[in-house]
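Okay, thanks for having me, everyone.

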Amino acid sequence: MAHATVPERHHGTTLGIALPAVIGVIYGLYTSFIARMSGESAGAQFAIGLISCLVIAGLCYALGRYQHSLPRELRAVAYAALVGCSVGYLNSLSGDSILTSVVLSVIIAAATFCVMFYTFYVHEE
């Protein structure tokens with residue numbers, strides 16, 4: 001009896017570019033909104049949003065592109081650093097103290113590390 005082979009799943013490059021772009025745009029818009037609430041001018045608000053959009057989209061793209069070459073521990077650390085720093089930056093824009101931003105960033109990064117490490121550990125052979 002012959003065994004049926006399961007075809008490999010190939011994700012197109014469209015998702016590899018579109019997902020970081022969408023994440024970047026949403027993050028940039030939210031950053032711009034928070035900057036507006038803290039009293040920034042329209043030009044500064046636009047600049048903060050645009051730079052944040054480009055940086056987060058670039059980092060998400062780079063992590064998505066090179067994540068498979070990293071061992072699962074470093075991959076989980078990379079995701080934790082990206083998410084923790086992103087949340088900490090958003091919190092720092094809201095006007096809270098730097099200590100609050102750092103503590104929130106570390107808590108979110110630790111939770112992200114645990115979730116991502118568990119996910120990679122369970123789904124890898």
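So, what covers the buried residues of H1? Before I answer, some housekeeping. This is a predicted model, where local features need pLDDT of at least 70, side-chain atom pairs count only at pLDDT 80 or more, and totals for chains, interfaces and linings use all residues. Numbering starts from 1 along each chain as its sequence is written, and side-chain values use heavy atoms, with hydrogens and water left out.

Back to H1: the cover includes H2 and H3. The helices here are DSSP runs of H or I with at least four residues, strands are E runs of at least two, and both are numbered from the N terminus. The buried residues in H1 are Pro20, Gly24, Tyr27, Gly28, Thr31, Ser32, Ile34 and Ala35. Buried means under 20% relative accessible area, exposed is over 50%, and partly exposed is in between, with a 1.4 Å probe and protein chains only.

Now, H2. Its buried residues include Ile48, Ile56, Cys60 and Leu63, and what covers the buried ones includes H1 and H3. H2 has 25 residues and reaches 36 Å from first C-alpha to last, close to the 36 Å expected at 1.5 Å a residue; that expected span is 1.5 Å times one less than the number of residues.

Let's look at the largest nonpolar core. By that I mean buried Ala, Val, Leu, Ile, Met, Phe, Trp, Tyr and Cys residues joined through side-chain atoms within 4.5 Å. It has 10 residues, among them Tyr27, Ile48, Leu63 and Leu82. H1 (13-37), H2 (42-66) and H3 (72-93) each give two or more, and H2 has the largest share, 4 residues. Leaving aside residues up to four places away in sequence, Leu63 touches Ala78, Tyr79 and Leu82, where contact means heavy atoms within 4.5 Å.

What about Val102? That one is in H4, residues 98-123, and it is partly exposed, at 43% relative accessible area.

Zooming out, the protein has 4 helices and 0 strands. Buried residues make up 27% of the 125. And of the contacts with a separation of 6 or more, 65% are between residues 24 or more positions apart.

That's my tour, happy to take questions.
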